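Me: I've got a new model open and want a quick walk through it. Can you take me through the helix packing and then the pockets?

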Amino acid sequence: FIMLVQFLIYFGFSMIIPVMPQLIVDYNVSTMHLGFVLAIYSIASFISAPFFGMLSDKTGRRPLLIVGLLVFALSFFIFAVLSHSLTVLYITRFVGGMASGALYTATTSMVADLTSVQERTKYMGLVGMSVGFGFVFGPGIGGMLGSVAMSMPFFMTSAVILVALIVAFLFIQETYKPSTVPQG
């Protein structure tokens with residue numbers, strides 16, 4: 001189920017890639033904004049991941065996964081509804097990036113929690129494969145949806161992430177068991 005959730009996250013995320021350049025053109029702003037919009041997502045994910053790692057050790061992985069999926073879905077939905085604004089695009093990409101940091105931390109921590117040291121690399125590789133499959137299929141679907149309306153890939157991503165949220169809520173249990181042995 002963690003692999004399915006990872007696939008859905010990156011399938012949904014990559015659906016918006018084909019429409020991003022056209023959105024920047026439609027806003028009639030410098031194409032430099034395309035790079036900034038893509039970068040702000042990654043920067044937010046990079047900055048937030050360590051914080052969410054510490055938080056997941058306190059609250060558990062599952063709550064982080066559930067809330068991360070909800071915020072991720074909302075970031076795409078809000079942009080789809082308010083897609084006429086470059087400012088909203090920046091804000092929603094930043095918030096989506098932070099949620100991505102939470103999701104990456106939660107899912108990789110869950111895999112680490114569920115696997116032995118000997119099999120961990122194998123399962124981390126399978127999770128990476130799920131990410132890759134998401135990136136294989138998402139842009140094609142997003143391109144087709146973008147030909148209908150520029151906001152369609154954002155609405156569809158929100159829907160796909162809501163499916164991931166339902167899957168996570170119903171089928172993924174907490175994996176973190178705090179150690180009673182002090183680390184250090």
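Me: Which way does helix 4 pass helix 5, left-handed or right-handed?
Reply: Helix 4 passes helix 5 in a left-handed crossing, meaning the near helix is turned anticlockwise from the far one by less than a right angle; clockwise would be right-handed. Helices here are DSSP runs (H or I, at least four residues), numbered from the N terminus.

Me: What's in the contact of helix 4 with helix 5?
Reply: Its residues divide into 16 nonpolar, 8 polar and 4 charged. Ala, Val, Leu, Ile, Met, Phe, Trp, Tyr, Cys and Pro count as nonpolar, Asp, Glu, Lys and Arg as charged, and the others, Gly among them, as polar.

Me: And at what angle do helix 4 and helix 5 pack?
Reply: About 155°, with the axes 8 Å apart. That makes helix 4 roughly antiparallel to helix 5 (the label is for angles over 145 degrees). Axes are lines fitted to C-alpha atoms over the stretch in contact, and angles run from 0 to 180 degrees between N-to-C directions.

Me: How confident is the model?
Reply: It's predicted, so local features need pLDDT of at least 70 and side-chain atom pairs 80 or more, while totals for chains, interfaces and linings use all residues. Residues are numbered from 1 along each chain as its sequence is written, and side-chain values use heavy atoms, leaving out hydrogens and water. The protein chain averages a pLDDT (the predictor's confidence in each residue, 0 to 100) of 91.

Me: Where is confidence lowest?
Reply: In helix 1 (residues 2–15), at a mean of 87.

Me: New topic: what lines the largest pocket?
Reply: 13 residues, with F1, I2, M3, V111 and L114 nearest its centre. A pocket is an open set of points on a 1 Å grid over the protein atoms alone where a 1.4 Å probe fits, with protein on both sides within 12 Å along at least five of seven lines; lining residues have an atom within 4 Å of a point.

Me: How does that lining divide?
Reply: Into 9 nonpolar, 3 polar and 1 charged.

Conventions:
Helix = DSSP H or I, 4+ residues; strand = E, 2+ residues; numbered from the N terminus. Parallel < 35°, antiparallel > 145°, perpendicular 65-115°, else oblique.
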